[in-house]
Amino acid sequence: MKLDKNYWESRWTEGQTGWDTRSATEPIKHYFDQIADKQAKILIPGCGNAHEAIYLFESGFKNVYICDWAEQPLETFSERIPDFPKAQLLCADFFNLETGDFDFIVEQTFFCALDPKLRSAYAQKVKSMLKKGGKLVGLLFNFPLTEAGPPFGGSKEEYLQYFESLFESVRIEPCYNSIKPRLGSELFILIS
Ligand SMILES: C[S@@+](CC[C@H](N)C(=O)[O-])C[C@H]1O[C@@H](n2cnc3c(N)ncnc32)[C@H](O)[C@@H]1O
């Protein structure tokens, strides 16, 4: 199966969006509730309906960028949050974004949606999009990686291989405050 733009556009037009949690998830809310710097520049790649962006924007973080190559979720987002700056809606392939200077990149069911062959490229792209000391924060699944997906699983040991050679600090821990259906199958990551 080719997980290209057409594949994801079809998922959106057919309403096959079972990953959608309908609101920002607790681990991400909890993390950003502790961040005082509301000027922080934040990117959410593979954002879908971008519930985290709504939460952040309404919490005072105005420098939030969202990226998805499917048009439908970004159009819906723009209608829901008309005040959100249009220049911060990036309808693009994450891997083609220009190098960035983000303080944070938020991971929420984007990595697991990618072809697993792209995992090293994802880690490198994230690194190139963060400013020095910037952080990748969010969630990765913790269940065996098989041919079946998306979502594709993985383990802490596997994920360490992608990030440890590129980043100074790699924290990957079982997530204690996952949403109920994902409890026990998520890892919280904080990588800088
Ligand atoms: C499983 S969904 C997750 C959406 C959202 N993060 C959430 O948790 O609700 C994955 C999203 O990534 C987008 N996507 C996949 N590959 C992409 C790429 N290379 N660049 C940008 N968006 C991509 C898809 O269009 C889809 O909306």
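Predicted model: local features only at pLDDT ≥ 70, side-chain atom pairs only at ≥ 80, totals over all residues.
Local features are taken at pLDDT of at least 70 and side-chain atom pairs at pLDDT 80 or more, while totals for chains, interfaces and linings use all residues. Numbering starts from 1 along each chain as its sequence is written, and side-chain values use heavy atoms, with hydrogens and water left out.

**View 1. Strand β1 and its side chains.** Here we look at β1, residues 42-45; strands (E, at least two residues) and helices (H or I, at least four) are DSSP runs, numbered from the N terminus. Ile 42 and Ile 44 point one way, Leu 43 and Pro 45 the other, and all are buried, meaning under 20% relative accessible area (1.4 Å probe, protein chains only).

**View 2. The neighbours of β1.** Strands count as paired if DSSP finds at least two bridges between them. With β2 (residues 64-67), β1 pairs in the parallel sense over four bridges, and Pro 45 has Cys 67 as its bridge partner there. With β4 (residues 102-107), β1 also runs parallel, joined by two bridges; Ile 42 stands opposite Phe 104.

**View 3. Around the ligand.** Of the 18 residues around the ligand, Gly 46, Asp 68, Phe 94, Gln 108 and Thr 109 come nearest; "around" takes a heavy atom within 4 Å. Now for polar contacts, N or O pairs within 3.5 Å. A ligand nitrogen lies 2.7 Å from a backbone N or O atom of Gly 46, and for a backbone N or O atom of Trp 69 the distance to a ligand nitrogen is 3.3 Å. The side chain of Asp 93 has an N or O atom 2.9 Å from a nitrogen of the ligand. The protein covers 97% of the 590 Å² of accessible area that the ligand has on its own (Shrake-Rupley method, 1.4 Å probe).

**View 4. Aromatic rings, Phe 111 and Tyr 122.** The structure holds 21 aromatic pairs, with ring centres within 6.5 Å; planes under 30 degrees apart are stacked, over 60 edge-to-face, and the rest tilted. Phe 111 and Tyr 122 sit edge-to-face, 5.0 Å centre to centre and 80° between the planes. Phe 111 is in the loop between β4 and α5 (119-129), and Tyr 122 is in helix α5. Phe 111 counts as buried because its relative accessibility is 2%; Tyr 122 does too, at 1%. Both belong to one aromatic cluster, whose members include Phe 94 and Tyr 159.

Methods
Buried < 20%, exposed > 50% of the residue type's maximum accessible area, 1.4 Å probe, protein only. Polar contact = N/O pair within 3.5 Å; in protein donor to acceptor, adjacent residues only side chain to side chain. Phe/Tyr/Trp six-rings, centres within 6.5 Å; stacked < 30°, edge-to-face > 60°.
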